[in-house]
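Thank you all for coming.

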Amino acid sequence: MNQAFDLEQLLTDPVVAALARAEETAWFAAAPTDTAAGIEASGIDPAIVDDARVRFGRFAPWFAEHFPDTRATHGILESPLVGIPDMQAELGARFGADLPGKLWLKRDDALPVSGSIKARGGIHEVLEVAERIAIAAGLMAGTDDARVLERPEVREVLSRHGIAVGSTGNLGLSIGIVASELGFNTTVHMSMDARAWKKELLRSRGVTVVEHAGNFSDAVAAGRRTAEEDPSVWFVDDEASLSLFAGYSVAGARLAGQLASLGVTVDERHPLIVHLPCGVGGGPGGVTFGLKAAFGDAVHCVFAEPTHAPCMSLGVRTGLHDSISVADIGLDGLTAADGLAVGRPSRLVGEHLQQLIDGYVTVTDERMKAFVGLLHDTEGIDVEPSAAAGFAGPWRILEDETYRAAFGLDDAALANATHVVWSTGGSMVPSAEMTGYVAEGQALINEVSWR
Ligand SMILES: *Cc1c(COP(=O)(O)O)cnc(C)c1O
């Protein structure tokens, strides 16, 4: 293959060399970018956040009727923010350094409808497409309550349209569940290694599941091709969709409300530090955008990836973004972390959002699993391995004097810090499978090195 870069040259960067050896890494931006300048540089209009928030509001009555697990929030898809003091103390003991400030868990593993962060982005895009079709057919006004989509003539129109997506699992679940409920003809392209229970669940809801030999990128490419051949099919593009991104971004404004209701102060001297598992980057990127819009320079966002699939770390560090894949540095892209097994980052996020992202941390599968075991033992909370990727971040920040000095994170600021680990998935995992994750994690607690 004719590569647009010189691998040997890239490997002279010790961070890239460590990524290529599948070692754990942590690196941070050299200096802060003013948030307003960063948002400007992203080229993304902050108005998309509110537009998506309002759209979710229009659909709330529809969700409350169709998905019983959203009744308790009157149809709004949101997750709890919980303190995890016992996990904080246990990790402090393991890592050999107590974490100043407070550690919280944002429980997107418990998001209604599809049990992962994908319920924010994936669902938003389906809603937007449904509205667009109904409006174009003259059957809906842009301000209507989404229950008009239940009228038989609207369902008939939607059934003549297709929605397609390529997914390792969780995105397919979110899109498949909601698109089929709206009456769309829905196809999810999955890689062969996607979990069987996800395929079965989708098929039980009338979704067509197409399995592809090869990896996630191949499944996405296949989905894109079939949609290109048929103009009635809308392809949800995980690698570049602004609608997905907008759906994720709503979380920022909502988290601001949750912290305010808990009386948690966030400002320059009381930093909010958010640790986000990263696959293709749309989820953590969108959440970062929403958080920056809500909190400005007071929020710090750190992305966490598996050592075998660090596509965002690699893309941003080399400046090559989606022109380089983890395979180009000899990595196999294999990880137990569903949703994070991605070889090439989103075009939208790495390149356009890098000024808003503070740092990039990679963790081994063994460490992610050990975190799953510890979270179960200390807090009685069960999440999937991907969802635990963020737990190393707070300690990596403690160790990095250069980053702390550049970003004003002195001892006093860290003593007032609010660390939020974003837990991105888990509640839909069948209990037998979850029991397996926990047991495997518990066995690894004393195996991994805690440094
Ligand atoms: C998709 C996913 C992520 C990351 O989102 P990206 O948009 O792919 O970066 C994290 N955790 C879980 C469980 C996911 O399914």
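Before I speak of helices by number, let me say that a helix here is a DSSP run of at least four residues, and that the helices are numbered from the N terminus. Please also keep in mind that what you see is a predicted model.

Let us begin with the ligand. It is surrounded by 15 residues, and the closest are Lys118, Asn170, Gly281, Gly283 and Thr424. If we ask which element gives the largest share of that shell, it is helix 12, residues 282-295, which supplies three residues. How much of the ligand does the protein bury? Taken alone the ligand exposes 380 Å², and the protein buries 99% of that. The space that the ligand takes up is, moreover, the largest cavity.

Now let me turn to a single serine. Ser241 sits in the loop that runs between strand 7, residues 233-236, and helix 11, residues 242-261. Is Ser241 buried or exposed? Its relative accessible area is 12%, and because the cut-off for buried is under 20%, Ser241 counts as buried. A polar atom of the Ser241 side chain lies 3.2 Å from the backbone nitrogen of Ser243, and, once we leave aside neighbours within four places in sequence, Ser241 is in contact with Glu125 and Leu348.

Arg225, in helix 10, residues 216-229, gives us another case to consider. Between the C-alpha atom of Arg225 and that of Ala389, which is 164 residues away along the chain, the separation is 32 Å.

Finally, I would like to look at helix 9, residues 196-204, in which Trp197, Lys198, Lys199 and Leu202 are buried. The buried residues of this helix pack against helix 8 (170-182) and helix 19 (431-444), and also against strand 5 (185-191) and strand 6 (208-212). Just after helix 9 comes Gly206, which takes a positive phi of about 85°.

Definitions and conventions:
Residues are numbered from 1 along each chain as its sequence is written. This is a predicted model: local features need pLDDT of at least 70, side-chain atom pairs count only at pLDDT 80 or more; totals for chains, interfaces and linings use all residues. Side-chain values use heavy atoms; hydrogens and water are left out. Helices (H or I, at least four residues) and strands (E, at least two) are DSSP runs, numbered from the N terminus. Buried means under 20% relative accessible area, exposed over 50%, partly exposed in between (1.4 Å probe, protein chains only). A polar contact is a pair of N or O atoms within 3.5 Å; within protein, one must be able to donate a hydrogen and the other to accept it, and residues adjacent in sequence count only if both atoms are side-chain atoms. Contact means heavy atoms within 4.5 Å. A residue is near a molecule or strand if one of its heavy atoms lies within 4 Å of it. Accessible areas come from the Shrake-Rupley method with a 1.4 Å probe; for residues, only the protein chains shown count as cover. On a 1 Å grid over the protein atoms alone, a cavity is a set of points where a 1.4 Å probe fits but cannot get out, and a pocket is an open set with protein on both sides within 12 Å along at least five of seven lines; lining residues have an atom within 4 Å of a point. A molecule sits in a cavity or pocket if more than half of its atoms lie within 2 Å of its grid points.
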